[in-house]
Amino acid sequence: MGSKGGAREVTKREDTKKMDIDFIGNQVHKTNEFHEQIRRTNSFMCLEVLTKLTDNKRAVDLLRLVHLNMPEKFNGLLRKMEFLEARSLSPNLKTLSQLLSKLSTNIHGALVLECQLSKHQLIGALMDNGSCKLASPRHSVAGRFNCWVAFDICMEDAMDGKQFPVTSAIDILKETISTLQVFNGASWQETFLALWLSALRLVQRERDPLEGPIPQLEARLCILLSIVPLAIARVFEDNSTLNCSSLQEGMVPMHLKPGYERGKSGLGLTSRRQGLISSLQVVGQYHTLLCPPASVVDASNNAAAKAKSFISRAKNVKDGIDVGDYGEAFVKEGGDLRHLIVEACIARNLIDASVYFWPGYVPASVSVSHSSPFQRSPWSAFMDGAPLTDDLVTALITSPASSLAEIEKLYHIALSGKEDEKLASAKILCGSSLSRGWNIQEHVIHYVLKLLCPPVPLSFTESRSHLIEYMPMLSAVLYSSTTIDIVHILSLHGMVPEVAAALMPLCEVFGSLEPTSSHKLRTYNESSTYMVFSLAFLFLMRLWKFYRPPVEHCITGRGGAIGSELTLEYLLLLRNSRIQFSSDDSQGERMGSANVHRPISDGPIYIDSYPKLQAWYCQNRSCIASTLSGLCSGNPILQVANEILNMIYGRLTRSGTSSDNSSTPSCITTSGSPVTSAQDAGQIPLLPAWVILEAVPFVLEAILTACAHGRLSSRDLTTGLRDLVDFLPASLATIITYFSAEVTRGLWKPVPMNGTDWPSPAANLMSVESEMKEILAVAGVNVPTSSSGVSPPMLPLPMAALVSLTITFKLDKSREYILCCCWTCFGELCFKQNGEAVSQLLRSCFTSFLGSLHPSTSSLLTGKGVNSLLGNFISARGLKPPVAPGFLYLRSCRTILHIQHVNNGGLRLVQELYQETVPTWLFSAGKGKFGEVSAVCQILEGYAMAYLLVLSGAFVWGVGAKRPSRGLSRRSRIVGAHMDFIAGVLSGNILLECDAITWKAYVSCLVGLTVSFAPIWIQEVKPETLRILANGLRGWHECELALTLLERGGTATMGSVAEMLLNSGLND
């Protein structure tokens, strides 16, 4: 019993202990539940309080302040809200879910910029008048596309063949796209549609090009089918336009837009891509603009055939039919320029092949015929290993490649193939694939540059340069790539610095070699050292723009105006800076568009690395700056000059073909230096090209002197010059430079162009002048007659010699590398020094685009817009189409003497607008006005000036966080200085004489435009200046605008915003 009782007692104690533990456990559980309930209640109450707080407008303003100036913290808040919303999706938490949704909505309300630019705020008096309503120009019939005229001007200006801009047209166009999309308040569909229409108009203006060494249809098609798609790709890639386009897309945080952050997809990128697709659908309605020029009809038809074939294949696959090998598809009609545009966009992954299924994209009348395997395209045969026969090479040169693999194979053959294959591959690569391979043009350009900088062969052990081993291939590449359109295409892609850097070692090496043959060059196919050097040297000189008149060097100074005059040092500086940018860009963010590959050489290049080139470069500058300095008769350079004179004039003595009115040409020497008996008359000197070029200025001085003193006839002078150019084509650069410099010095007497001694223009002068006056009159410019018709025209001797030399060249495609140098020396119109003609032309430009005042009603007659400004077409065979004033201005503005205003002023003009023009206007806006001026006119005046100022700055500096290279760091300084000026007026430190209404409209509009369209500018203004501007706006009851201005000022003005919110009387 005892043992049993003890056991029961132990059991009882254990049960009691368990009960105690259970009780304690229950108590703890109840306590935990109570605490959890309190925590949930507190959390719920906290969310309720936060929701009520964020219902308050001031709280939303503070949140927006954090979003604008501390985006990483604000995005962290949004991510936490998303996490909470994801966990509250349970049906049991319906109330909490609703509360979180409300709070999230309130927080996202901070992303909306409430102070959008309002015409009622800016020009309230005008809007209060019920009879005067302003409508956006894009909503009116006449002005629907006129607000996009900057596209047309930008593209047409890029077609000026006398200029080689160092900035890529892709970069310029990309900034223009972003700026106009923001300022026009347009959707991406409207923006891209306007862009395509402008590019189509560009092509149609010269669909039937005339002869002449000027950029023609090839370069215009490059804009449409290569530059524009690449610019759109840049827009897709650019993250900095997010803030600028937020007014149209809604200010959604970065982490909610993965397309901007990771470049794959997202709301912003989807919006742009959908806008592009919609624009391509709408552009199909413009049938007239889509009509292809005759030279690209086949390409258009092939693009349509590709779409038709794709649809047929897809249908057969869907039906389970074995499609087999279709071969190549062809159509004879039905294709248009939209088919080429779509193919260009597909090639750059902007859209996909689903566009082929658009209704009506492939006309129902189009039938596709498939070739047999024996009729396949030449590129298919080439990729299958067919030998490069003459017929295949010809076919490959005339038809562009369609894939990068084809280009890469050509490149490798050109480097390591057989000798005949190297030459053929180089010609093919620089043929239609370079000029019309629009879908891969940037890749073709890259490989052409790589051919100009060939690598050192692995087995090469000689001491001489390895470039000599590639001489035939280099000759073919240089000749094929120096045509007018190809050079212009290279400049459109912004490759001028890279091409110049590639040409310099070629000039240095081949200019230092002695020729191995004494016969003169007759065709470009002769791969001699002189020909390779001349091709590379003249190419380099064209990129450097040596042909510009020396007087402009004097006007703009040694370094030239910013963005106008180029030097070799500047070209190399640009090239080296791009290398630095490429090395810093480790992620390769922009290597997928225009600059698809890294530079050919990774190291910086300086002109000091090429002593022969540098020596000629210095001598060329000396020839421009002053006359030739005297050299002693025994100088080796003078001996070389005498050898050249004996070569070009000794032949005349031996053959007896010298003109009767001159002395024996062989007696012409430099500085009286005698000719040694060893120098046979007419013997060709075997000297390096650099030695020849160094002596050419002394040769030219000798023959001009001999002609001026009657010892050399004009005919013999011209014949000698032409022989010199045939002997060494590179000498043409020195001839043009030296003669142009001598003309500006005024040391040579003029000679009569009478048709006896010198060629006479009398037979055509009157008709040419009459035709020019007719062209100018149509453009709204009236100029007096310059020729009297009595005495023959007179020209300085050097200019007469240059004219006579130019006449000896014909329009021959094989001589384009020379013709372009001669052509660009002439053709300057009456705008060179006629200020009145310039004024008439500018007035005509504005009148043709905007309209003119009706003489009786003083109302503005609607202009015809873009077509009236730039013209529908500029060339047509057998016709003389009128030249539109805008087109005439773009082609002649660089010849105007006052270049700081209407020529290459660009950056400088905008700087003057901010720092001088607008402040001067504000100081005197109230002066000189006749009669009563209504408040409406005063408001419009202020509004117009503000819009002009901000838009001009946006075109030059951009509106995104990334500044265009041409803007450099000037934006912050110039904009800041102008804002300081406004703050000085608002503070009472500066007194103005303009109307108070005009002043208020100007400041309000300027701030509103900057806040809405260029908010990044505000962060570059001094915080104190922003506070003064905000106080001034508050004094005008522009409290919302003042608040938004400070919000955009960065962290330095956050305290001012909080203070304004606390002290202001803004309603919740």
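So, N349: this residue sits in the loop between α17 and β2. N349 isn't a glycine, yet its phi is positive, about 60°. Is N349 buried or exposed? It's exposed, with a relative accessible area of 63%. For the cut-offs, buried is under 20% relative accessible area, exposed is over 50%, and partly exposed is in between, using a 1.4 Å probe and protein chains only.

Quick caveat before I go on. This is a predicted model, where local features need pLDDT of at least 70 and side-chain atom pairs count only at pLDDT 80 or more, while totals for chains, interfaces and linings use all residues. Residues are numbered from 1 along each chain as its sequence is written, and side-chain values use heavy atoms, with hydrogens and water left out.

H1037 is another residue other than glycine with a positive phi, near 65°. You'll find H1037 in the loop between α47 (1023–1035) and α48 (1039–1047), and H1037 is exposed too, at 70% relative accessible area.

Okay, aromatics. The structure holds 22 aromatic pairs. Here rings of Phe, Tyr and Trp (its six-membered ring) pair if their centres lie within 6.5 Å; planes under 30 degrees apart are stacked, over 60 edge-to-face, and the rest tilted. Take F310 and F357: the ring centres are 6.0 Å apart and the planes are at 70°, so that pair is edge-to-face. F310 is in helix α16 (residues 297–318) and F357 is in the loop between α17 (337–347) and β2 (369–370), so the pair ties together parts 47 residues apart in sequence. F310 is partly exposed at 35%, and F357 is partly exposed at 47%. Ring pairs also link F310, Y356, F357, W358 and Y361 into a cluster.

In α24 (residues 471–480), 9 of the 10 residues are buried, among them M471, L474 and Y479.

An unreviewed UniProt entry places "transmembrane region" at residues 942–961, 973–991 and 997–1018; UniProt positions follow the numbering used here, feature names are shortened, and annotations may be inferred rather than shown by experiment. In the model, residues 973–991 are 74% helix and 0% strand, with end C-alpha atoms 23 Å apart. For residues 997–1018 it's 95% helix and 0% strand, and the end C-alpha atoms lie 24 Å apart.

Conventions
Helices (H or I, at least four residues) and strands (E, at least two) are DSSP runs, numbered from the N terminus.
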